[in-house]
Amino acid sequence: MASAPPDDDAVAKNGHEHHGNGNGPSPAKRPRSVISVAEIRAEFAHHDAAIARVNNGSFGCCPASVLAAQARWQSLFLAQPDAFYFHGLQQGLLRSRAAVADAVGAGDVSEVSLVDNATTAAAIVLQHAAWSFAEGHFARGDAVLMLHYAYGAVKKSIHAYVARAGATVVEVPLPFPVASANAIIAEFRAALAVAKAGGRRVRLAVIDHITSMPSVVIPVKELVAICREEGVDKVFVDAAHSIGQVPVDVRDIGADFYASNLHKWFFCPPAVAFLHTRKDDPIASQLHHPVVSHEYGNGLPMESGWIGTRDYSAHLVVSEAIDFINRFEGGIEGIRSRNHEKVIEMGRMLAEAWGTFLGSPPELCGSMVMVGLPGCFGVESDDDEMRVRTILRKDFAVEVPIYYNSRREEGQKMAKDKNGDPVTGYVRISHQIYNVREDYERLRDAVLKLVSEGFTSSKLRPSEKSGKSLASVVLYLHP
């Protein structure tokens, strides 16, 4: 039988509860000593040791201690699902929401909803915008603004929900490589002016905190402030990669909606994310989960907390993930700082070896960095990028995303490598606590070997007579 749940009012009032008093498995007591290198290895021993995994960004990572806590929650459900549902689930979710609220500076636990990922959070916000068009609250032709480098699934959601409902979608054409935050701000102001042309209302701005591909930290606080100055109705920050990579204070950022994945850089198992809305905003009561279930109408946190029978265990171990984080010197701030320093160091090492450059200055990087591939790779399409990614995985046991910079098609002058060849392909490297220098040296050496063998992407392209293009089977991953 499940143990007694925590007092709901106490959790909601304090934003947290003492560990061990909540329903379900109790997290381990916080260790007094800083975690050792050997303990880090043990926590991630389930990773494939044969792979140089420099792609934390796509799927994140979860330590063994948090996975063990997740398994205990799963066992509770399987052992007695009725007790889990009636006496454990909502109390456990409240505990996780309170931990998130404390971590991101939310004003109240009621401002935090747990969902599967940032794409789900985007659907919640965009669904409301679509209803506003359909019900006549917004006029056909009113604008929605988004970055050119918005995550692919979110861009498609914008078109599926609001463009279909009558919105005019305006993109901010960000430069890449990018030289400074000011360049981003200037492009944003220019695109916002286009969106407002002719007296058009801008109903929603969708702004990434860290773009996925290419990865760039966006000056989100400044862009939100510009939106306020210019009369944009609402601002949604898609921060899929942010928590654990950059400082997050939702009240300081000031957006109406802010969502971030907890399974990418915050050590939770997949899949769990949070959506923050301000409790003093009337729109909060009008947001609904796209999957309608029995809690419909009881507020988004409750709706998201039950969307039918499924595995909720990833949503229930946020406190255990925080316990793991606090085993490190400096907690999440220390992890962020060390990851940033290391990824810049490794990015520069690769760029020097390949005769290329970083795609953005260090201040616009978190724990991910874009590094130009030698121009001789000749990456000329999304198909090419996937073929290069596949050859690195299969032939060199290196897992790293490749980015094709197609901006030259819009007249942007392409940056060149030391040999004068245009750089059209980039790797996006990540650094997380389990990474070692050898991971990046393997990537470095793989690319140098391909260069020495005269590799070009054209050699991997199928002839016109051979089967379908790889584009028909490519799976694009979240930020």
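**Rings, a helix and the backbone**

Modeller: With a cluster of rings: Phe44, Phe267, Phe324, Phe328 and Tyr434 are linked by ring pairs. Keep in mind that this is a predicted model.

Biologist: What is the phi of Phe267, and is the residue buried or exposed?

Modeller: The phi of Phe267 is positive, about 70°, although the residue is not a glycine. Phe267 sits in the loop between β7 (257-261) and β8 (273-277). Its relative accessible area is 0%, and the cut-off for buried is under 20%, so Phe267 counts as buried.

Biologist: How is a pair of aromatic rings described?

Modeller: Two values are used, the distance between the centres and the angle between the planes. In this structure a search finds 17 aromatic pairs. In one of them, Tyr149 and Tyr403, the ring centres are 6.5 Å apart and the planes are at 75°, so the pair is edge-to-face.

Biologist: Which parts of the chain does that pair link?

Modeller: Distant ones, 254 residues apart. Tyr149 is in the loop between β3 (143-147) and α7 (152-165), while Tyr403 belongs to strand β11 (residues 402-404). Tyr149 counts as buried at 7% relative accessibility, and Tyr403 counts as buried at 8%.

Biologist: What is the geometry of the pair formed by Phe357 and Tyr426?

Modeller: That aromatic pair is edge-to-face, with 6.1 Å from centre to centre and 65° between the planes. Phe357 lies in the loop between α13 and β9 (368-372) and Tyr426 in strand β12, so the pair ties together parts 69 residues apart in sequence. Phe357 is buried with a relative accessible area of 18%, and Tyr426 is buried at 0%.

Biologist: Now a helix. Why do residues three or four places apart point the same way?

Modeller: An α-helix has 3.6 residues a turn, so residues at that spacing point the same way. Take α15, residues 437-452, as the case. Helix α15 has 16 residues and spans 22 Å from its first C-alpha to its last, close to the 22 Å expected at 1.5 Å a residue.

Biologist: Which residues of α15 are buried?

Modeller: The buried ones are Asp439, Tyr440, Leu443, Ala446, Val447 and Leu450. They cover an arc of only 120° around the axis, which puts them on the same side of α15.

Biologist: What do those buried residues pack against, and which exposed residues are on the face turned away?

Modeller: The buried residues pack against β1 (52-53), α13 (331-354), α14 (382-396), β10 (398-399) and β12 (425-430). The face turned away from the buried side carries the exposed residues Glu438 and Ser452. After α15 comes Gly454, with a positive phi near 75°.

Biologist: How many disulfides does a search of the whole structure find?

Modeller: The search finds 0. Cys62 is in no disulfide, and the nearest cysteine sulfur, that of Cys268, is 7.0 Å away; the cut-off for a disulfide is within 2.5 Å. Cys62 counts as buried at 6% relative accessibility, and Cys365 counts as buried at 7%.

Biologist: How many helices and strands does the chain have, and how much of the chain is buried?

Modeller: The chain has 15 helices and 12 strands. Of its 479 residues, 56% count as buried. The chain exposes about 20,000 Å², with 52% of that area supplied by carbon and sulfur atoms.

Biologist: What share of the contacts with a separation of 6 or more is between residues 24 or more positions apart?

Modeller: Such residues account for 71% of those contacts.

Technical notes
Residues numbered from 1 in each chain as written. Predicted model: local features only at pLDDT ≥ 70, side-chain atom pairs only at ≥ 80, totals over all residues. Heavy atoms only, no water. Helix = DSSP H or I, 4+ residues; strand = E, 2+ residues; numbered from the N terminus. Buried < 20%, exposed > 50% of the residue type's maximum accessible area, 1.4 Å probe, protein only. Contact = heavy atoms within 4.5 Å. Areas by Shrake-Rupley, 256 points an atom, 1.4 Å probe, with all protein chains shown as cover. Expected span 1.5 Å × (residues − 1). Arc of directions from axis to C-beta. Phe/Tyr/Trp six-rings, centres within 6.5 Å; stacked < 30°, edge-to-face > 60°.
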